[in-house]
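Thanks for coming. I have one structure to go through today, and I will keep it short. Please have a look at it first.

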Amino acid sequence: MKKMLKTTRQLAAASLALALIVPAASAFAQETPSAGAQPVTGIAKPAGDNRAVAPSAATVPLREYSEAIGGAVVWNAAESSAIVFRGNVKVIAKIGDSVLKVNEKSIPLEEPVRLVNEKTIVPLSALNEAFGVRAGWDAAKDAVVAGKDDYPLLASGFINAWNKGNLAQARSYMNSSFSKLMPDELLQQYWANVGSMYGELGPLFSAGQSTSPVHRNVALLYQTEASAMEMTVRFDTYGQIDDLFLSSSPSGDDFIKPAYDKPELYTEKDVTIGDGALALPGTLTTPAGKGPFPVVVLVHGSGPNDRDETIGGVKTFRDIAVGLAAQGIATLRYEKVTREHSLKVQLSGKSLTANEETVDDAVRAIGLMKRTEGIDPSRIYVAGHSQGGMLMPRIIEAAKNDGLKGAIVLAGPSRPLEDLILEQLKFQFELVKQSGQPVDMFEQQLALYEQQVKLLKDPKYTVGNPPPGFLLGDPAWWLDIRNLYAGEASKNQKVPLLVVQGGNDAQVFPDNLDGWKKSLSSRTDVEYKLYPKLNHTLVEFDGPSTGAEYATPANVPDYLITDMAKWIKH
């Protein structure tokens, strides 16, 4: 299992292909349930439905049942038995047996396993017990019907229908707004993109559930031909699918809590940033004791980050949150809009700039803290990591009426992002060459990016007049931040800054700190910190960082958090 989780191909190609086929769509409105929907029923039998749903004592065809819930079935002809794998459950149903073997246990059957018309027939109640689901059976359609509130079963049923090309059935799981954003052609193309990256879908490894003020989430982890694939299915309050998120790196269980994580020193509660169709769930971490407390709003780097800013075995924002809490400082962290509402954002028909992706939600989070009990509204800080640090001047400007006390730039580029990514690619190219691996494909990618940056830099192109043949995503996003020197943009601002940089950063190279210093040389309210061993995730690494070490569990060192706390308290 862990071998499957070590690496997963990046989905940039699939995302690009999706962007190229996305039709123009009208702006989404506040979510409304589909006609006839009942709260939290999903596709469970609604009132007035006359489908034949089998009672728990009925028998069902094993293969159809198992595949519908994400299992894989193997027939053992020598033993006249069917073997089903789903997650960590292995079920053996042998023809004629009166028990179902489940891992090391046996479940007695009300009637023996039978072979009828070349189908293995097994009592439904025993299968539900074996797999821990609440399923009914639609005899007319030979299909599983998910029990009320069985969200993992609803999610795996949706994926099974989609994988088999049954688009009408897949669509029945969606709410009306999401269904409108995903016409059949797009459903087919999206799944084809997934198939091109991962190959044939295999059995379900696991189905993890989580609940937020915005969505009920089911993270389905499948085995595929290429690697593990994690798809998060997001349900609205009516039990209907509201969005999907396909992770480029399935989350494992390798994270290790830092030594300074002491639960008795803090409390955490769910909060909601913004409202409407793109509201975001967040976590407010508050120190134990009597407030009001200063607070730091944490702003993500590039990509669809979660609230913890999870990268491999590292959770940078979670570490910072619990570390600051131990020193009497609250934090707010939240899901990024491109993660929580991934497809709604992509399919909205609107161009997404850095403001919609990052800045606007940061300002909403700051506003929420101003009116939150237990938080000192005169001591609100904001800390941006990587791209979030680069956009700090914009956040400060947009929140100029909110009385920000200070801002922290964590490994933020001081020079344009398009230039920095070119530097990253050249750095990675050298690593590939040194390793002795073939470089032809990498050379082509590097040449393509250089050509695209040249196109982007051409001043004749604007958001209203985008460059033709631009292949790096939404041109509006890139044109919006083109030639952005964050230090220069901060030169005349009055909010005190702490600028932090790792000396072992292979993404935002250490000399970016010099760019901040040069641009802000006339300011007296800026402090700089360089930590020689820290990589881009703000954890120590003894060898030269390449990014491969991100998969290794590690924590933000307590000395960085202590320096942040001292600066905030000074």
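The buried residues of helix 4 are Leu 124, Ala 126, Leu 127, Asn 128, Ala 130 and Phe 131. Before I go on, note that this is a predicted model. Helix 4 covers residues 124-131, and six of its eight residues are buried, so the rest of the structure largely encloses it. Buried here means under 20% relative accessible area.

The largest nonpolar core has 63 residues, and the members that touch the most others are Tyr 65, Leu 100, Phe 131, Trp 162 and Met 231. Helix 5, residues 151-163, supplies the largest share of this core, with eight residues. There is also a second, separate core of 62 residues, and among its members are Ile 375, Ile 396, Leu 422 and Val 495.

Now a helix pair. Helix 9, residues 316-325, packs against helix 20, residues 558-569, at an angle of about 55°, and the axes are 10 Å apart. The two helices are therefore oblique to each other. The crossing of helix 9 past helix 20 is right-handed. On the helix 9 side, the contact is made by Asp 319, Ile 320, Gly 323 and Leu 324. Helix 20 contributes Ile 561, Met 564 and Ala 565. Sorted by class, that contact has five nonpolar residues, one polar and one charged. On spacing in general, an α-helix has 3.6 residues a turn, so residues three or four places apart point the same way.

Is Gln 223 buried or partly exposed? Gln 223 is partly exposed, at a relative accessible area of 31%. Gln 223 sits in strand 12, residues 216-224.

Last, the chain as a whole. It has 20 helices and 24 strands. Of its 570 residues, 52% count as buried. Taking contacts with a separation of 6 or more, 66% are between residues 24 or more positions apart.

That is what I have. I will take questions now.

Key. Residues numbered from 1 in each chain as written. Predicted model: local features only at pLDDT ≥ 70, side-chain atom pairs only at ≥ 80, totals over all residues. Heavy atoms only, no water. Core = buried A, V, L, I, M, F, W, Y, C linked by side-chain atoms within 4.5 Å. Buried < 20%, exposed > 50% of the residue type's maximum accessible area, 1.4 Å probe, protein only. Helix = DSSP H or I, 4+ residues; strand = E, 2+ residues; numbered from the N terminus. Axes fitted to C-alpha atoms, helices over the stretch in contact; angles between N-to-C directions. Parallel < 35°, antiparallel > 145°, perpendicular 65-115°, else oblique. Left-handed = near helix turned anticlockwise from the far one by under 90°. Contact = heavy atoms within 4.5 Å. Nonpolar A, V, L, I, M, F, W, Y, C, P; charged D, E, K, R; others polar.
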